[in-house]
Amino acid sequence: METGTGAPPGRSRAVAASGDRSAHGAPWTIAGQLCRGVLGAGMLVMPPVVAALAQGHSLLVWCAHLLLGGSVSLLLAALVRTRVGPMPLAGTVGALLGTWAERAVDAVFAVAFTAGQAAIAWFTATCLLAADGGAPPRPGADGLSLALGMLVVAVAAALSPLTFPAAVLRVRPWVAGAVAVGCVLWGGPGIAARGAHSALAPPGLSPHGAQWLALAALFFAGVGWEVVTGVVPATASGARGTALGVCLGIAGVAAVHLGLAAVQRFAGASPAGPGPSPAPVRWTLAVAAAVVLTSYCVTNVRTAARIAARLYPGGRRTTGRGPARALVATVGAACCAFAWAGAGDGAVPLLLLGPAAAAVTGYALGAAAAVRRGGPLLRCAGVAVLLVLGGVSALTVRSLFGA
């Protein structure tokens with residue numbers, strides 16, 4: 001009996017079996033890509049920042065972020081599954097809303113990445129100063145010098161022919177997670193008492209205001225929820241397989257982030273926690289954190305330059321090997337400018353508002369695309385996400401200005 005495709009029956013059965021295996025493996029592919037997209041430098045940076053801001057409510061803030069980020073990821077996955085091909089978030093909103101949306105997302109992410117690297121540099125400087133003194137350090141000239149020094153090293157590496165092998169990039173999140181556990185237990189920057197001078201929390205905020213700032217800053221750790229716009233169309237998974245894959249990815253991210261937050265909350269450094277660890281332990285973990293975070297800065301500086309290059313017609317600021325060196329150097333200079341401008345109390349979370357604003361912009365445009373192009377259920381979900389994102393943004397701004 002003919003199959004209607006001209007292929008022998010045995011070959012048709014083999015192709016069908018291969019398709020079944022791909023369909024069964026799609027949820028795990030989606031979950032793995034989602035975990036790799038979200039879990040990164042935020043594992044090191046965010047647990048002490050959220051603990052410094054939210055204090056005893058840190059786990060609640062983490063749960064709120066994971067609920068919101070997971071909802072955004074599910075919304076975007078449902079939106080792109082049958083409507084567009086695999087592409088980044090900017091390309092997705094551009095295809096659904098118009099070129100202006102794509103350029104808007106690229107523009108905000110290009111700027112936000114530079115502020116994010118400045119925040120990472122300030123956090124690294126805080127870790128190194130804490131390793132030297134064994135107590136949460138006050139921001140000052142020493143911290144600024146260390147932050148600028150780290151950025152100079154990262155930009156120099158980004159300008160060089162250095163490339164990270166694929167194996168290193170696969171292992172790096174695992175190393176970052178292991179170093180993060182060590183830091184929250186024995187070698188982190190420590191959590192200063194509320195109102196004290198610290199790069200991890202600005203003084204003068206009310207407890208509720210600090211919690212809203214923590215939730216907003218967590219969007220830095222959540223950059224990556226949008227990776228589904230590339231992986232879901234590529235897997236060609238069905239609706240149930242897509243939802244299962246995204247939920248598995250959310251569960252993996254939640255296990256890591258909530259695990260680190262719980263360790264920070266109940267066993268890590270706190271204003272009333274145990275005394276400092278031995279100096280060799282502090283220095284080992286601080287240097288390990290600095291190396292890992294510098295590697296992320298190298299990658300992110302190049303990524304910011306690639307995004308900025310897309311803003312030029314035809315991407316003329318790129319070469320066959322990537323963005324032009326002048327563009328990479330410009331991004332590096334912007335990172336250093338943000339680090340200098342952000343010097344002072346609360347430097348880390350305030351600088352993290354840059355990538356947070358970019359994430360909110362991209363996710364809001366994705367939700368708007370769902371409202372415009374989706375069915376009734378997707379439109380309702382898009383409206384809900386827009387309302388929540390708008391509420392979080394408004395409450396964060398209100399808390400910062402003391403209204």
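Mentor: Start at Gln55, which sits in the loop between helix H2 (42–54) and H3; helices here are DSSP runs of H or I with at least four residues, numbered from the N terminus. This is a predicted model, where local features need pLDDT of at least 70, side-chain atom pairs count only at pLDDT 80 or more, and totals for chains, interfaces and linings use all residues. Residues are numbered from 1 along each chain as its sequence is written, and side-chain values use heavy atoms, leaving out hydrogens and water.

Gln55 isn't a glycine, yet its phi is positive, about 55°. Most residues other than glycine have a negative phi. Ala236 is another non-glycine residue with a positive phi, near 55°, and you'll find Ala236 in the loop between H10 and H11.

Now follow H3 and H11 themselves. The axes (lines fitted to C-alpha atoms over the stretch in contact, with angles from 0 to 180 degrees between N-to-C directions) of H3 (58–80) and H11 (239–266) come within 10 Å and cross at roughly 165°. That makes the two helices roughly antiparallel, a label for angles over 145 degrees. The crossing of H3 past H11 is right-handed, with the near helix turned clockwise from the far one by less than a right angle. Their contact takes in 16 nonpolar residues, five polar ones and one charged; Asp, Glu, Lys and Arg count as charged, Ala, Val, Leu, Ile, Met, Phe, Trp, Tyr, Cys and Pro as nonpolar, and the others, Gly among them, as polar.

H5 gives the most, with eight residues. In total 41 residues line that pocket, and Gly37, Phe113, Val223, Gly224 and Glu226 lie nearest its centre. By class the lining has 22 nonpolar, 12 polar and seven charged residues.

Arg310 pairs with Asp106, and their closest N and O atoms are 2.7 Å apart.

Technical notes: Angles under 35 degrees count as roughly parallel, over 145 as roughly antiparallel, 65 to 115 as roughly perpendicular and the rest as oblique. On a 1 Å grid over the protein atoms alone, a cavity is a set of points where a 1.4 Å probe fits but cannot get out, and a pocket is an open set with protein on both sides within 12 Å along at least five of seven lines; lining residues have an atom within 4 Å of a point. A salt bridge is a side-chain nitrogen of Lys or Arg within 4 Å of a carboxyl oxygen of Asp or Glu.
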